[in-house]
Amino acid sequence: MKTRKLLGVVLSLLLTFTAFCGCGQKKTTEIAWSDGYNAQGRYDSSLFYSNDFESVPVAPDPYIFYEDGWFYLYSTEVSGGILVGYRSRNLANWEYLGAIYRRASNYWASGCFWAPKIVKNPADGKYYIYTNCSGTGQIGLPEGTSLNSGSEVFAKSTEARLHLTVLVSDSPAGPFREWTGKRKIEKFYHGESLGETDDEVTLTSGPIFDFANAPAAWAVNKDNYERNGTNVFAQLDAYPFFDDDGSFYLYFIRSVDDLHETRTGMHGVWGVKMKDMVTPDFNTLTQLTQPGFSTVGGDRSPSSIDDNTVNEGPCVRKHTTTRADGTKVSKYYLSYSRSGYGDPKYSACLAVADSPLGYEKGSSEAKNGGFVKLAPKYGNPMHMISNHDLYNATGNAMYFSAAGEEFLVSLATVYNKTNPKVTSRNFIIDRIVWDYNEELGYDIPHSNGPTQASLQPAPYVYSGYRDIAGDAKVTATNMREGSDANALINGYVTIHERDEEKEFYSTGSTEITLSFGTPRTVRAVMVYNSFNYDFAFQKIDSILLEGESENYIIRDVVYPESYLTGSEVLGWEMRAGGAAVAEFGELQVSRITIKISEKFSELDEYFEEYRGIGISNIRVLGK
């Protein structure tokens, strides 16, 4: 797209005429504006970001941590036990930090530093990365065997060798080093406590956590041990979480491998309460999800939110719902990915509980405890592909927030532009909003993504502009029966067919008015199109911005055809999550009127059921 007019003369007069209003006659000025892009086709990163894969690094298993104006990006090792980092102020331009961790040459772990997650410890002000790694020597072998006793097959099993480790630094930018030091820790063997002992962790002392012998782990390992002497409880995908009361928890995936008879029900999410940053309370180790089941040992779960082998990439978020009557309900939301990356089923799904380690065993919610996976009718999976012709799959979604805005960063496998058979592992960023569910009685997170190559508002902490549309009173003409104008300003962007009922629909052309109680500073207007091509608008006829003494008008804001996929032969579809954008210099505005009449589809000329225009959401970037 090209800039409509020279943005440097935003307030220059191109056309004036008079318009009557209740307080007298006000001059209306047609102003200079931009669709968000410059003449070179690059978007304005002071106001927007985009999942366009043009300027962002490849980052398998991404995680973003925000602090002091910087978004730090971490991802799986590049090679040889080296983690690299990036940082950005606006989610658009990323600065390469280089190697933030290099494996010590004498460290017991040889590699496989995957999916690092970072957390700041308020007690000492240090930053801790939790990641998995692969052991050497006898680590991962069945008990009582060694490399010299014919067990090379076990020694080569990468999955059996995966353990968690802890890295520490004085800065989120690194450099990080392996945590070493002294601690008191309770030791276990085959589920039985051996008592608390002094323990010194060194670079050569082996895995920092011995989950295999903890009571809950031994309960599921016992049969394998009695059958073939194997007591392997490998871990990956660590996730650290501080609760509101300062309690610290660590979540991870139990990895399964060729040492087990079956993967079914084993590659699930586990959690443990920590005594400090490096000392688990092994007595609290709990299985939280079981692949293929709605709860641990419960009923079978639908394939749309699960498969029989994999629940991975856990992330935990606490959220409190304030109901209309003022009562508050707090829940813990566990996201997990079904299947693995590259599989189209790779999606971020959702489970809930009342506590960080799930419901108690024997509870009405979960007979065997743990988290309860939400049914598909509640918007589960919460984040998955939809009409993205360049996406293979997207999952491994991780929450992060800044200044009250909440986001998901997720892994997206995408087709290589020159060779469609080759994929790369990129990261994408999308906002989330919370949607109250009457039946459940609490909020459900809704992902306004995955979006691809469309403009999205830059974080408020960088741009200084928020979406203020929700502060306005909204009205609309020619509303379809049952439609609600407030759907235009609730921040909810339609991404999937299941969400179409939440869109606004008119019966024909429509005029939408957003009225503010007092004048507001406005910098841009974004109108998100319908998910459905048959109801999508082709352009915005006009946007009228009313000030106290003067009005300003913008005409013919075209919806970018690059946000569509397909052709006249194959049929057109919308790439969900795109908006028509009008960007301009700051204006003091009390009312905004948006007129839309033109559609892409002409089916409504022939079929009554296709009559009208669909709009997903309107964002007004302002102060």
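1. Basis of the note. The model is predicted: local features need pLDDT of at least 70, side-chain atom pairs count only at pLDDT 80 or more, and totals for chains, interfaces and linings use all residues. Residues are numbered from 1 along each chain as its sequence is written, and side-chain values use heavy atoms, with hydrogens and water left out.

2. Overall composition. The chain holds 37 strands and 3 helices; helices (H or I, at least four residues) and strands (E, at least two) are DSSP runs, numbered from the N terminus. Of its 623 residues, 59% count as buried, where buried means under 20% relative accessible area, exposed over 50%, and partly exposed in between, with a 1.4 Å probe and protein chains only. The chain exposes about 25000 Å², of which carbon and sulfur atoms supply 47%; this area comes from the Shrake-Rupley method with a 1.4 Å probe. Among contacts (heavy atoms within 4.5 Å) between residues at least 6 apart in sequence, 63% join residues at least 24 apart.

3. Helix H2. The helix spans residues 215–228, which makes 14 residues, and reaches 20 Å from its first C-alpha to its last, close to the 20 Å expected at 1.5 Å a residue; the expected span is 1.5 Å times one less than the number of residues. After H2 comes Gly229, with a positive phi near 75°.

4. A four-stranded sheet. Strands E8-E9-E10-E11 form, in that order, an open sheet of 4 strands with antiparallel pairing; two strands pair if DSSP finds at least two bridges between them. Its edges are strand E8 (109–120) and strand E11 (177–178), each of which pairs on one side only. Within the sheet, E9 (residues 127–135) and E10 (residues 162–169) are joined in the antiparallel sense over 8 bridges, and Cys133 has His163 in E10 as its bridge partner.

5. The salt-bridge count comes to 28, the rule being a side-chain nitrogen of Lys or Arg within 4 Å of a carboxyl oxygen of Asp or Glu. One of these joins Asp170 and Lys126, with the closest N and O atoms 2.6 Å apart. Asp170 lies in the loop between E10 and E11 and Lys126 in the loop between E8 and E9, so the pair ties together parts that are 44 residues apart in sequence. Asp170 is exposed, at a relative accessible area of 60%, whereas Lys126 is partly exposed at 27%.

6. Arg183, Lys187 and Asp199 are linked in a network of salt bridges. Arg183 and Asp199 have their closest N and O atoms 3.0 Å apart; because Arg183 lies in strand E12 (residues 181–189) and Asp199 in strand E13 (residues 192–201), this pair ties together parts that are 16 residues apart in sequence. Asp199 also meets Lys187 at 3.7 Å, N to O, and Lys187, in strand E12, is 12 residues from Asp199. Arg183 is buried at 8% relative accessible area and Asp199 is buried at 15%, while Lys187 is partly exposed at 34%.
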